[in-house]
Each structure stands twice: as structure tokens, then as C-alpha cells.
Amino acid sequence: MTGSPLLRVSDLSVHFDRSARPAVDNVSFDVAAGECLAIVGESGSGKSVTARSLLGLAPAGAHVSFSELTLAGESLPAPGARRWRTIRGASIGLVLQDALVSLDPLRPVGREIDDVLRLHTTLSQRERQARVLELLDAVGIPDPALRARQRSGELSGGLRQRALIAAGIAAGPALIIADEPTTALDVTVQARVLDLLASLRNNGTAMILITHDLAVVSRVAGRVAVMSEGRIVETGETSAVLRAPTALPTQQLLAAIPVDVPRGVALSVPADADAPTASAASSPPVALSPTLPSATFSTASLEHPAAARPPALELRSVSRRYPTPRGEAIQALDAVSLTLDAGRTLGLVGQSGSGKTTIARIALGLETADSGDVLLNGNEWGSLSARERRPLRHTLGAIYQDALSSFDPRLSVERILTDALGVGASGTRQSLTTTSELLDAVDLPQSLKNRRPLHLSGGQRQRVAIARALAPGPQTILCDEPVSSLDVSTQARVLNLLDELQRHLHLSYLFISHDLGVIRHMSDRVAVINEGRIVETGETEEIFIAPRDPYTRSLLAALPRVRR
Amino acid sequence: MTVSTDTPTTASVSTPATRLRSLGWIARRVGGGVFVLWAVATIIFFALRLIPGDPVDAILGGPGSQASAEAVAQIRADYGLDQPLIVQYFLAMGKLAVADFGTSYALKVAVAPYVLTQLWSTLVLTIASLVVAWLGALALTLATSGRSRVARALGSALELLAAAVPHFWLASLLIILLSNTLHWLPPISVPGPLGLVLPVLTLALPLTGFLGQVMRESLANAYEQPFVLSARARGESEWGVRLRHVLRHAALPGISLSGWAFGSLLSGAVVVETIFARPGLGRTLLSAVTIRDIPVVTAVALLSALTFIIVTIATDVVDRIVDPRVTEVAAR
Amino acid sequence: MTEILAGRLSRPAGRAPGIRGRGGWLRNSGVIIALAVLALILTAALAPQLITTADPDAVAPAEAFQSPSAAHFFGTDESGRDVYTRVVFGAGNSLLIGIAATAVGLGLALILGLLGGLGSRLGDFVSTRIVEVMFALPGLLLALVFIAIAGPGVVTSTVAVGLSTAPGYARIIRSQLRSVRSASYVEAATVLGHSRARIVWQHILPGALSPIFVLGTLGVGQAIVWASSLGFLGLGVAPPAAEWGAMLSSGRTYIDVAWWLTVFPGLAIVATAASFTVLGRALNARTRQEARG
């Protein structure tokens, strides 16, 4: 590292008008040329506000203070100063997450990149055009001339993220701030974008990488700063911090990652659970509620053979085609066969667009397959009419990625659960027949009964969704990306809860996710889906340790791991 | 759900298939338009027969006419009014299908050329008003959005009041102020551009209020989008952000509303043409309905429906040009 | 014209801009002013004697065309009647017409919208075509023909205004129903095993129709403006009665000599219409905030 750092930040604090606690609290760090500093933390830890303050773009109502903020030895201007316009884009580039909305959806991406050149260079229009194509080519976008004319909505997730990066680096800034640049991307695409960022860093660009994902950090960042509640709680060489974390938040972040935690072992979560809300803050991660059917607390159910029971859910060479606007048809599912044994978890993993959602919708009877059979508990299910399906629906529950939108916004938690209890009908169970028991079972305090889902946290919403799914007394629950939009520690708690419930209620799970770590942690068996085809099925460890299919291998290779 | 790897999800490249789809879209719109015209003609035909009184009176110049019974019978036969209603209907539709609008009962002139000249006058008025309203709304929102609270509050208060003003009252106020007090402009419409000022202002101001309200809201929405942050982080100036990015997004709902706005301008034209004694469809319609001049009412109704249909299709086309996403979503 | 303002209702679960901070104080003080104006107008409509002691129809030819003064706040008209009193007494007629017309329009729109939003493909096709045709006929033409058939008067002009606002409402109700119908929570209810009828009754209808109250509030102001236009064209309330549109119509004759005959009834219309709009928008923002932060 050279003598003086490129960027020096001392005692940066950000207060918001109506908040007592500062969003950013006395944060200091340096970044040298050619170095990548990662700022890691969960949502609300203040990492994004920090990044924006470095560009003078803190959100409205923010009061920013610092004792030193210098770039290459020069002080950065006060917020709102005109001089910022010569710094933004030229000296500091910003790359946001989700280029679909971070690039103007009404303008061709080439124009967006051209803007940077127009603002910060003296190139002629013709030279700029050529430069735009060079940039698109440099970030690995094939056929730049075509892509430059397209809008962000017309590009795939990976391509538009690259285009956004091209705009960030167009004027050759000394520092790039990348705010969750790979969050919305599939693993294989994510790996390629991270490689691109790493190569920029190797070429001498300083970089600040804002992320919630420690695995991403270990891939590109030399140093890491961990933020929690507005403060930097730990900073150091990435490998050192990940190997021997000293601060509690760092330890918690690391422990909650499910990547290498085997099936059946609870993920470690901070003791203060959903602190103010959970009823049993001091009890073990998942409080055993007395209302659950008395259970033998063991991993028995994991090995417990399906023996007499037929498969909970079975798909037999199910195919589904969708017509496209262009008059062709897309083969969303091609002869998919899956078997979910009773009392077990089948993990279904694949990238976006692979056909996971179609499988979920067909399994739930929201859509009908073009061909093939769907069986629920050994009985015909897929070919039933909506009317015939209804009396059987209580045996199959579902939880979704976006819990909030799955609730009628006008209803309270209690109404949601009462409504769901109303359809149970079958007197198969003595417990979990009241909303109070349901709330206990998912570890939510009774005081939430009268709230509406809108006023709950993400984790609480997903718990209410689980309670609702349990209400009719199902034997099988379809979990469609249930933890994808949650912070890693919340995710760990929800996964632990699902695990616990499965043991006690002998549930079968069809667990759909794009996250290999979550899948490995939750599943007994795994099916890998790619472009509508199941490419590989097998016992979880088999697949993860000795994958046979090349696609599975490429997925595993791309999986960012926390390297310690 | 689409199967996609690292390839574009939708291509905007013009392929024969997309061109075919556009043709199909246009064909459907035209077909829909023809249906609407037929329905309008039918409704008007039967509605006008429901008006109490005898159409022959309208032909003879009002109920007070002293025509003999023979003369009345003669006219009835001449105009085909002695036929059963259903026969009259099919005869009328047959004539309309070949754009034969007949002769005005009251004016005794061919309806088509007469109404067309009136249409021209109304079109000049409404299109000028639409343009003025658009420019006014753009200027107002751009000038006051993203500024101080006071400027924003002032802007939205102006829009709110403008949108609540009845045309006829605004016309009266403008006459009091600009004609009677300041003597800048003639109180009634005279030929030439000067005579157009007051009518256009009258029609445009309330519309400015409406468009302004809608655009201000979508402008505020657009400002909160991440691409604005991206643009600022590139070093774009406030006006650069406004003109290059936000404006388009703000204009979208305004464009979609222009078809509707045009329809409401046609209604407003009735009032404005009456007040400023300006020739046009509106005034023609008002007097034709009052004296039951059936051929004229039919022609006016069909012409305004036709104009409305054309304007709606045109705004949809503009919408698709400004926002290519519309096409993709619509096709999905 | 409600469609413009209410078009935003049909936008599915977006975030409502301008709730947090943006111009908040104006919105709040605006709402307070609007409520005060509406309270005043409601009082004038229900108990005009509380606000004025004079008789709206008391003719006093000697006092004709007096300009506004302490004795006659808004001046007097050609027959010496007190304009202020007539504006106060006109509130009842104008308000009644506005509310009734909106109710008529919404009622008709509800039938069309439900047919289109919940009905079969055929039902949707039929309702969409009807709405299209109604849209293509300029509202005033519809109103004029209707009045020609039924004869001028309060009831006729009320129904006429309702008729011309119906297609806009119908379109909003239809798209609202459609967007709620495809909402995730409706699918979640299906997965739970609720019956179709129960889902429609418990989730779709309340979710989609709750904005109707807001729509109505936004619409009343515009309906008053519309109805006054008909009154102005001589097609509404018969002249001697106090109604704002009719007052403006007769005042226009004397525009050169007595500006107050034109200005004050018009101000009453603008104040009422703007207040209803402010109130409707505030309600709209609140509903949306409750539904989706």
C-alpha cells in the first residue's frame, strides 16, 4: 500500500431529522488506490447512507458531519455545492444494485454511458460513440453496437448490471463505490460481475464495495469493515476478519450463513432474536411452545422412513409451454419428474427463469400442466377441477417469498389466521386450533394479533405466513423462496423455525430456492433445475460433494463461499 | 416466465413478426373504431326519435308553422318519415355507411360540407388549447418541482384552482379583465389569431390544472427512482436530471390522458363557442339539438366520435414511441 | 374529469408520493381549509338561515345593481335581490346536484365495472365496448341529447351529468377489480382452499371497491362544475331559483355593468370544487398509505 490513501474518511456521522439514533455514527476509514474495501452489514446498518454521503448525495433530511473527507488529498465539497458535479462520475463512480431501475428505463443504455463522457470529457460526439462501444466491450458485453441501442428492460440482469458498471467507470474515476452490485443476480452471473469488479481493482481503481453478503466480500475485497447500527464494529484484512472475527456482530453474521451448516443442525442466531417482539427472547433460538404436540426432540424424523406413506407430492414428467408475444412457445417445463417423500424435504434449486415458479404453481394447482401427472399423497391432483381440488387443499400449504403481498392489506394478523383456520375442517389435529396456539408455534408474541402485516418486520411477516400455512393442518408445505428477501440473521431464524416445525409436525417440504447454501442446509434430497429440465436429483450431500451434471458443477463453482 | 440465460429477454429489433404484430394492433384498433362509430350512430338515431314532438315541425321551422296537412304529409314522405322505424334505421345506416349525411332540416343545406367547416373551426380551437395546456403544465411543473416548498405549494395550489374553474365562468372573468377593463382583446371571437386568444385561454387553463396535477405527481415519483440517483452520481446537473430523465417519465401519464383531454375539450367547446359567439361544432350541436335537426346532430356526433377515436389511437402510438415498455407489457 | 385525478387509484399498490414530508404542511393546512369551506357550504345547504337572514327571492327594484357593500356583501342583481343570500341559498341546489349526479354516475359505473371486472370474458367484452362508446360521445353531447329527450330541469340535468361521468368511473372500477383479482393475496387465499365466492366477497370486492368513496369525493366537485355548465346553457334549474350556474347565466347579460353578478357565484363553485378535490386526494393518500405504506 502506498503512503497516503486515496480516500480518507474521519468521523463521518449522519443524522436524520426525525430519528434519535444517528444512521451513521463516527465512521472512519481509508481506501488506497488499487484496494477494495468492503463495508458489510445488515439492512439498516448505515452502510448505504455512508456510501451516498461520500458523493454528497445523502437522502433528503440527512445532516452529514465529518472531521475529514478527502479524495487524493483534496477536501470534498459541502453537500449541495456545485463542485460536486465535477467530482461525481469523474473522480468517484457509483454503481447501484438492480440496473433495471438504476438505469433510466426509457433511455438506451448507450445514451446513459454517453452522458458521463459528455459531462466529463471534451470528446466529440463521434469519439464518444466509439468510446461507449469500447466501454461496453470492456465490461464484457457481446455485440456492443446492438446493446448500446437497447434499454435496460431489454437486457438480461447480467448485461444491464455490466452496462451500469460501464457507466460508472466511463470517465475513469479513481474510486468506484459499488452498492450491492450483485444482489439481484443469479450465482453464475454474480460470479462474472464480481470477476469484472476484481479486474477493475487490479487495474488500479480503488473500490468501496457495499454488501450484506460476506461470501461476496471474500471474493474481491482485501479489507473489510463491518457495520452495525451505524458504527464500524470491526475492520481488518478480509481473511483475518473472516477467520477470527472479534466483534459480536461479525460473529453473528458469519454464523448465520447456512452454506456449510449440515442438515439438522440449527443455525446460530444472535440471542436477542426479534428482540422487542419475540416472546421468549432468552430461550433457545426457537422456543418450544407447549402447545406443539409433544414431540421427541431428536433428529429422528430426518431419517424416519416414509415407509407406509405414499409420496407427499409427486410430479411425473410434467411439461408446460407458454406462448410468447412473438408467436413462438417457450418450453417452461420439459418432462419434469420430482418425488417428495412424506416427512422429508426436497430442495429444488435453479436460477431465475429455470422453471421453479412454474413448478410451484403447478404443484399448488394454480396452473395446469400440458402433460404429465401431479399426485398429492398418492392421489390424483393435477387433473382435478378447481372444485374437486378445494376439499383437498388443506393438506397442502404454501409460503411465498414476498409474504407481505400474500396478505390482504386490510386484515389484521388475527383475521388472517382465523380465516385460515376456518378452512381446516378435518379434525385431524388437536393442537394449533386457535390463533394463540399458531402464534406460539411460530414464536410470535400474542401482542401482534391486532397489527396489520404492513406494520411487521420482514421476519415477523414470514412467521405469520408460516402460521397461516399451518392453520388448516397441512401435511405438506411448499416453500417458494421463503427467506430470499430476508437479512441473513432473520433468514437463519426462519430456517430454524421451519426445521423445528417439520420435526414436531412431521411435515413434508418442497423447498424452492436459488440459494445453494439454504438448499443444502434444508434439504434431504435435492433436484437441480435448468431451463425447464431437471438435470440432477439425489441425496443432498451426494449432489454437493460429487455433482455429476456439468450444470450443477458450474453452479457450485460459481457459489461464493466465505473463505476463511 | 421466460427462459433466459445471459441473453436479452426481449429484443426491440424490428423483425417481420413484430411488424406483423403492429399491423394486427392497428387493424384491431381500426375495427374497434368502426364498431364505436356504428354504435354511436345507432344510439343517436334512436335517442333522437325519443325526443318528444314531430320532426316535421323542425323541418317546417318550428311547431308554430301554419303548414297544411298535405304539405306535412308531403314532407313526411320526402324525408322517409312515413316508413316504419326499423326501415328508417336501415335506410339511415345505409346512407351513413357511404358518408351521406343528408340535408339539414333547419338550414336546408347539405350537412356534410356545413358540419366539416364547423369541425375545422373547433379543431383549431381544441388543438391550440391542448398545445397551450401541455406547454403550460410542463412549464409550471418543471419550474416549481424540486424547488423550495413554497414554490411547490404555490404550483399545486394554482393547478388545483385552475382545475376547479368552470369554463363559462373563466370566460366571463377573462372578458371582464382583458376586454372590458384592459381593452386588450375583443370580447367576442373575431376572425384571425387575436380572436382565438380568449377562447383558447378559457379552454386551456382548466386543462393545464389537470395535466399539471398528474405530471407533478409522476414527476415526484420519478425523482425517487434509483436512476435519478445514478444520474446525479454521474455528475448530472439538476436541470440535466430534470430534462434528460425525469421529464419523460412525468410526461407519460400526460400523454395517455391527452385522448381523454381532447374529448373533454370537445365538451368545453360547446360552452366556449356559445360565449364567444364563435362558429364551431359545439354551437352547431347546441342549436341542432334544441331544434331537433336530426341530420346535423347525427353528423356532429359521428364526427366528434371519429375525432376522439383518431386522437386516442394517436396518443397510444405516441405512448409506444416514448415508452417502449408499453408495447412489451401489452403484448405479454 | 374525475378520471384524471382518480386515475392514480387504479395504479396497483404503488407508493404514494408526497405523504412523507413533501409539501406536507400545505397538504395539511390545505385539508383544513378545504374542510372549513365544505363545512360552511354544508351549513349553507342545510340551514341557510344561520348564515343569512334575507330572503333570496325578495325583489327590490330600487336597489338593483348595487356594488358590494356592508349591506350587500356581494352586491345586488338586476331585480335588487341580494347576491350573497342567493349564493348561500344556491349551495343546497348545487351540492345536491353534485352529490346526486356522482351517485348516479358511480351506480351506473358499478354495474359496468363489476360486469367487466368480475364477469366472464363475454361480460368483460360487452362492458368494455359500452364504455368505449360512451367515451367516444362527448359528455356534453350525451347530456344535451338526454335533456332534449327528458326536458330541462334539476332531475334531468343531474342524471345527464351522472351519465356523462359514468364511463370514467367504470373504467377505474374495472381495472381496480382486475388488479386486485390477480393480487398475490387472492392467490394465497385460493391455495388455502377458500371458495371462489368467499374470495370475491371477502377479498376482491372490499379491496377493489373501497376507493369508491374517494372517487365519489373527487367527483362531486367536478359534477358541480358540470351541472353549473348545463345551468349556464339554460338547460338546468329554471332561472328564478337560486342555483350557481343559473345565476351566472343571468349575470352574464350584465357583465359590463355588474361584475359581481359573475364573480361571486363562480367563486362559490371554484371553492366547492377545489375543496372536494383536496379532500378526495387527502382521503386517497390515506387509504393508500393504510393499504401499502
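Two residues are in contact if their C-beta atoms, placed from the backbone, lie within 7 Å. Keep that in mind for what follows. Also keep in mind that this is a predicted model.

I will start with chain A. Take the contacts in chain A between residues at least 6 apart in sequence: 69% of them join residues at least 24 apart. Chain A has 564 residues, and 53% of them count as buried. Its secondary structure comes to 21 helices and 21 strands.

Next, chain A and chain C. On this interface, 17 residues of chain C are in contact with 19 residues of chain A. Which helices of chain C each supply at least two residues to the side that touches chain A? They are helix H7, residues 184–192, and helix H8, residues 196–209. H7(C) gives the largest share, 7 residues. By class, this side of chain C holds 6 nonpolar, 9 polar and 2 charged residues.

Now chain B and chain C. Here the contact takes 49 residues from chain B and 43 residues from chain C. On the chain B side, several helices give two or more residues, among them H1 (16–50), H8 (193–223), H10 (238–275) and H12 (294–322). Which element gives the largest share of that side? That is H10(B), with 9 residues. The side of chain B that touches chain C divides into 33 nonpolar, 12 polar and 4 charged residues.

If you want to follow along on the structure, look at H7(C) for the side of chain C that touches chain A, and at H10(B) for the side of chain B that touches chain C.

Definitions and conventions. Residues are numbered from 1 along each chain as its sequence is written. Chains are lettered from A and ligands numbered from 1 in the order in which they are written. This is a predicted model: local features need pLDDT of at least 70, side-chain atom pairs count only at pLDDT 80 or more; totals for chains, interfaces and linings use all residues. Helices (H or I, at least four residues) and strands (E, at least two) are DSSP runs, numbered from the N terminus. Ala, Val, Leu, Ile, Met, Phe, Trp, Tyr, Cys and Pro count as nonpolar, Asp, Glu, Lys and Arg as charged, and the others, Gly among them, as polar. A residue is buried if 20 or more other C-beta atoms lie within 10 Å of its own, exposed if 12 or fewer, and partly exposed in between; C-beta atoms are placed from the backbone.
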